[in-house]
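I opened the model to look up a sheet, some aromatic rings and a surface patch.

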Amino acid sequence: MKLVIVGGVAAGASAATRARRLAEDAQIVMFERGPDISFANCGLPYYLGGEITDRSKLLVVTPELLRARFKIDVRVQSEVVAIDRKAKMIRVRDLAASREYDESYDKLLLAPGAAPIRPPLPGLELPGIFTLRNLQDMDHIQAQLGKDVRQAVIVGAGFIGLELAENFVRRGVATTVIELQDQVLPPLDREMTTPLVDVLAAKGVKVLLGQSAESFEQAAEGLTVRLKSGSRIIAQLVVLGVGVRPESKLAVDAGLDVGPRGGIRVNEFLQSSDPDVYAVGDAIEVRDFVSGEPTQVPLAGPANRQGRIAAENIIGRATRYRGTQGTAIVGVFGCTLAMTGASEKSLRRSQRPFRMIYVHPSHHAGYYPGAEGMTIKVLFDPVTGRILGAQAVGGSGVDKRIDVLAVAIQAGMTVFDLEEMELAYAPQYGSAKDPINMAGFVAAGLLRGDHPQIDVSSLLALPPNERPFLLDVRTGEEFARGSITDAINIPIDELRSRLNELPLGRTIAAYCHVGQRGYLATRILLQAGFSAVNVGGGYKTYKLFRPM
């Protein structure tokens, strides 16, 4: 059997090595348009910032190693320009020798990846404007940084854009981030990104939300970036990070089915509409693990797994790809944001019913030195409690909790299961009631009816004259430092003796700082005959919804 693979990096290289381990007698040929067959593209921003100092460390595997260890015929600087599915041939352009030739296949695997989007803006081809996809792009940006760059503009506040912002600041470059949406990191829910916006501002990064670049012009100081708002920004370096688009032209030209956003359509075995042509990685349309709907999720982890699974199916096994749930994480200036599964905004778009809770625990026992806070948001089915998605922001420990929740989603677990999770505990690592357990307690209590809840977003959406009676049960000192508009303050320790001050004919929404005292207040009020709800996540969650 002759397997031809188009593209390396994560998916293609994983497929090639897995295929070799399963079939020693297979003929495996890999084609890569660039000079590097597999590299750590997630590490590129950190080389630019000096965190990674050895460029060779970014080379995950070399053509020489693949040839020697895995007996793979690796051909770099070779672009596949056409597929003849009937003849089972591909057309290859040897970029180094300036020639073209045909190569046959029995099975073909497409792993061309996705290319950075370059919007058609005036001046986009001026020197000093870059995208970041590979080592060569990185080298060009590194060379530009060596030319006395004092100011940089990053267009797009996605994962790569914010990682670049951190690393440019590390190099002493004043950095501005421009984002069309009203938040950074658009895949996450907006309020969960508020702490990161604060951190970026504290580190001197200027974040312009709800704005977009209109054109680029040459200037005496380098470049002028014109915004649609009319503002102008001077920079000596501009990096575009407005998203990626599947490199599916090869598949389209060959008549393979693609989705509305250009992703190559595959089945659960990662076969395209041609059973002898498989496709993996950022170029394909996948099934959303939570919703079951087709989507595109350009992430390294899924790409690696897809390459491995496709190889198994090509060799003769029947291995299914379960779908992608979009588990992702980013760290910027010590602030970590992570997500897995569905977001609130995606659930609202699909009109799927859900409930949500927020908790604000520390990453380990508070009495042990160094405890760092975090905010966890969990979305779940309002009837069964099945976990649909989760997000977290904070310092240490965010990665651990989002990974636990990612596994819970894969396993079809419910918020009731989170209550019972037995996780490793010592005071320097966690708490006897881990943040995962706390999220389970709050969510399960909500479904059981122990503490009726009003979400902050729902509260803020109500006209002022339709809002419940707001009761702040924090201390007077806490209340003086800030409160929800129109709230009255009765500290929780005085509540039982002051119930006569509250209206019996009106729903009371109780809140504290993070929700715990608000929960107790709700229980007291309900058992005293009042109509009461807890404001989910308390005043700390309320502050996440402030305008940016």
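I take helices (H or I, at least four residues) and strands (E, at least two) as DSSP runs, numbered from the N terminus. The model is predicted, so I note that local features need pLDDT of at least 70 and side-chain atom pairs pLDDT 80 or more, while totals for chains, interfaces and linings use all residues. Residues are numbered from 1 along each chain as its sequence is written, and side-chain values use heavy atoms, with hydrogens and water left out.

Entry 1, aromatic rings. I paired rings of Phe, Tyr and Trp (its six-membered ring) when their centres lie within 6.5 Å; planes under 30 degrees apart count as stacked, over 60 as edge-to-face and the rest as tilted. The count by this rule is two aromatic pairs. In one of them, Y511 and Y539 are stacked, at 6.5 Å centre to centre with 25° between the planes. This pair links distant parts of the chain, since Y511 lies in strand 32 (residues 508-511) and Y539 in helix 16 (residues 538-544), 28 residues apart. Y539 and Y542 are also stacked, because their ring centres are 5.6 Å apart and their planes stand at 25°. I find Y539 and Y542 three residues apart in helix 16, so about one helical turn separates them. Y511, Y539 and Y542 form one aromatic cluster.

I then checked burial (buried is under 20% relative accessible area, exposed over 50%, partly exposed in between, with a 1.4 Å probe and protein chains only). Y511 has a relative accessible area of 0% and is buried. Y539 counts as buried at 10%, and Y542 is buried too.

Entry 2, the sheet. I counted two strands as paired if DSSP finds at least two bridges between them. An open sheet of three strands has the order 6-7-8, with antiparallel pairing.

Strand 6 pairs with strand 7 (residues 89-94) over six bridges. Along that pairing I find A82 opposite R91, and D84 has M89 as its bridge partner. The hairpin of strand 6 and strand 7 has four residues between the strands, and K88 takes a positive phi near 55° there.

Strand 7 and strand 8 also pair over six bridges in the antiparallel sense, with E100 as the bridge partner of R93. Their hairpin has four residues between the strands, and S98 in the turn has a positive phi of about 55°.

I looked up Y368 in the loop between strand 26 (355-359) and strand 27 (374-380). Y368 is partly exposed, with a relative accessible area of 35%.
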